[in-house]
Amino acid sequence: MNAVPATLGEALRASAKTFADCRFTVISDVRPWEGTLGELLAEAQALAVGLHARGVGPGDVIALQLPNWREGAVLQAAAALVGAASLPIVSTYGAREVGFILRDSGAKVLALPESWRARSADDLLGDPALGATPALENVVVVGDRAPRGASTWAEVLGDPVDYRSPDVDPDQLATMVYTSGTTADPKGVQHTHRSIMVELHAPNVLAGAGPGTSHLAVFPSGHVAGLIGLLRALLHGTPTVTMDVWNGERAIELADQYAVTATSGAPVHLAAFLDARDRGDADLSHLTEFLVGGASVPASLVERADAAGVVAYRAYGSTEHPTISSGGVGTPLQKRAFTDGLVVEGNEVRILDGDGLDVPPGVDGEIVTRGAEVFRGYRDSTLDAAAFTADGWYRTGDIGRLDADGYLTVTDRLKDIILRGGENISSKEVEDTLARHPRVGEVAAVGSPDDRFGERVAVFVVLREGTTLDLDEIDAHFREAGVARHKTPEVVKVVTDLPRTASGKVQKFALRSELTA
């Protein structure tokens, strides 16, 4: 077995030689591109030369707010090649969020599209909500024209023959991702070369990657899943098709057009694939695996995929600890449907009670983790104390249990429990139960304020087309499922869709706000 490269830059230089002919495709109405990793990484070297000429090097942070375009992949590779840390920012963030991230990270470079959807680079840079960005020295614009003081992409490119690899410590910052927090300002999660390389060479990442496969990448830039998906393609020579805008129908067409063997996404993505197949709009005969995560995953969805011949499996991780556990193609259906997989080799998981003591298998408690791929801390170090136990275990903020076979199941969020009359109710249990109703497409459960009980169980439901559902029918469904009476929803809101973050997580604070409006 070959030794794992110590840094991202080292790994990319090796990949450029080994996988030069690997296909990389960008599906976009604005900036489509189809080429090879060799072409992409040659441009990254040219960009690294240009960035170095502008004083960018080890220790600096390069931020980019770009969709899943070729330039986004090139810039993240160039950051590694010049020894700087990349910082992809969710493309839908507004001036306030971008300004906060730039100040908190101390980014020296910011790359933007000349225009994207309804906003231009001029709009963002001229917006008072952006605020002061004292560390920012270079703005690079992808397009034909740049605002005053900024440079176009073409103006920054240097001559790749002038590239020289820098000396980089494996414990140096390699990449930063700001959590897509659903309540407050995002937190800058810092990963070193060492931690990110461990993640990228974990067995679950290597499985199904490389030449001979074909991946469809749907997670957006700015989310850790998008980052890992991109680096998986660049480092392991995985033929990849990526989209700058999610379009379920187009994704299905691409899966057949490019003989996609594997993809990943939130439950909403998997459901779209299966719906298209059921309508006869897609073949999906090449698709052998689908990693589903990013939100609560109903067991019924995994079972539905299995019946359709698609091996779907759950995985669990976070920006701070990208992959804690994962299923796989060889995982039994029962485990794929009802657990979040085995703890990944090299990781450790403990389940703690309210006093910080370990609980036995099968008992719910707080999930804490440890391993080489855990982040090194937040950019704002004052946040670190609350994130770790006194003996250095990362506190995920999630509740779950380990079974006797070592499979992990996430059952809820510490902050996502409905407290009704002194009883803790798992919102995930409510969601999983209602998701098994044949007329329910998606569901999210939250606590509705109540003078008598403190909270009542409320559900926001997206129904299958042409169907209806009322509280009496929901009550009957929960009775049939044998669920405790106090867990049965008492408030139902039928909606056309659920508010989500860029990573597909339901924004429950928005749902709670709607109940109190």
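I counted a salt bridge wherever a side-chain nitrogen of Lys or Arg is within 4 Å of a carboxyl oxygen of Asp or Glu. The model is a predicted one, in which local features need pLDDT of at least 70 and side-chain atom pairs count only at pLDDT 80 or more, while totals for chains, interfaces and linings use all residues. Residues are numbered from 1 along each chain as its sequence is written, and side-chain values use heavy atoms, with hydrogens and water left out.

I looked up Asp-364 and Arg-401, whose side chains form a salt bridge at 3.0 Å, N to O. Asp-364 lies in the loop between strand 19 (347-352) and strand 20 (365-371) and Arg-401 in strand 22 (residues 394-402), so the pair ties together parts 37 residues apart in sequence. Strands (E, at least two residues) and helices (H or I, at least four) are DSSP runs numbered from the N terminus.

For accessibility I took buried as under 20% relative accessible area, exposed as over 50% and partly exposed as in between (1.4 Å probe, protein chains only). Asp-364 is partly exposed at 36%, and Arg-401 is partly exposed at 31%.

Next I noted Asp-475 and Arg-485, a salt bridge whose closest N and O atoms are 2.3 Å apart. Asp-475 belongs to helix 16 (residues 471-481), and Arg-485 to the loop between helix 16 and strand 28 (491-494). Asp-475 counts as buried at 12%, whereas Arg-485 counts as exposed at 55%.

Finally, I recorded a network of salt bridges that links Arg-31, Glu-43, Arg-70 and Glu-71.
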